[in-house]
Amino acid sequence: MNVKYRITDIIGEVMNLNYKTFKGNETEEFAHAADIRRIVFIDEQEFSYDLDDVDSYAHHAVVYDDSTPIAAGRFFFDENNIPHIGRVAVLKKYRRYGVGRYLMDVLEKLAKEIGAEYVTLGAQLRASGFYEKLGYIPYGDLYYEEYCEHINMKKIL
């Protein structure tokens with residue numbers, strides 16, 4: 001799927017956002033997603049891992065500015081049939097311009113098309129306000145992934 005969306009950043013440059021969705025981890029687009037996730041989670045945030053076996057069966061979305069990959073995320077049902085959005089990453093240069101909101105819209109639409117009535121996610125605590133603005137409600141106790149505090153969140157679609 002490839003839908004164009006124009007967004008003007010703070011200095012007046014126009015970004016021509018579009019996206020691609022796909023399943024699994026054996027496509028050129030997945031290589032784009034993996035690069036974005038490595039830059040954000042490993043290089044920037046210093047997590048020690050990112051890729052996992054979920055990537056092989058998850059549905060992924062990559063957001064592009066024209067043809068430049070700038071954001072990625074995934075959607076999947078876990079072994080208990082709980083729908084999850086995860087590995088949401090936006091390159092630093094593109095944050096605060098609505099790219100994350102655009103990506104989440106894409107992932108939520110994808111989840112709904114696949115049959116999810118709601119979605120859950122594990123938000124880094126420092127990003128939970130972003131998700132709350134999108135209608136996500138925190139639940140449960142705080143937990144750590146590596147050194148980073150997370151909270152579970154849920155949204156009815």
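Tyr 147 is partly exposed, because its relative accessible area is 44% (partly exposed lies between buried, under 20%, and exposed, over 50%, using a 1.4 Å probe and protein chains only). This is a predicted model, so local features need pLDDT of at least 70 and side-chain atom pairs count only at pLDDT 80 or more, while totals for chains, interfaces and linings use all residues. Residues are numbered from 1 along each chain as its sequence is written, and side-chain values use heavy atoms, with hydrogens and water left out.

**Aromatic rings**

- The whole structure holds 7 aromatic pairs (rings of Phe, Tyr and Trp, taking its six-membered ring, with centres within 6.5 Å; planes under 30 degrees apart are stacked, over 60 edge-to-face, the rest tilted).
- One of them joins Phe 47 and Tyr 147 edge-to-face, with 5.4 Å centre to centre and 90 degrees between the planes.
- That pair links distant parts of the chain, 100 residues apart: Phe 47 is in the loop between α1 (28–44) and β3 (59–65), and Tyr 147 is in the loop between β7 (137–145) and β8 (148–156). Helices (H or I, at least four residues) and strands (E, at least two) are DSSP runs, numbered from the N terminus.
- Phe 47 counts as buried because its relative accessible area is 8%.
- Tyr 131 and Tyr 136 also pair up: their ring centres are 5.9 Å apart and their planes sit at 80 degrees, so this pair is edge-to-face. Both of these tyrosines are buried.
- Ring pairs also tie Phe 41, Phe 47 and Tyr 147 into a cluster.

**Charges over rings**

- Lys 154 has its charged end over the ring of Tyr 118, 4.4 Å from the centre (the cut-offs: NZ of Lys or CZ of Arg within 6 Å of the ring centre and within 35 degrees of the ring normal).
- Lys 20 lies over the face of Tyr 64, 5.5 Å from the ring centre.

**Asp 50**

- Asp 50 is in the loop between α1 and β3, and it counts as buried because its relative accessibility is 5%.
- Its side chain makes a polar contact with the side chain of Arg 37 at 2.8 Å (N or O atoms within 3.5 Å; within protein, one must be able to donate a hydrogen and the other to accept it, and residues adjacent in sequence count only if both atoms are side-chain atoms).
- Leaving aside neighbours within four places in sequence, Asp 50 is in contact (heavy atoms within 4.5 Å) with residues including Arg 38, Phe 41 and Arg 87.
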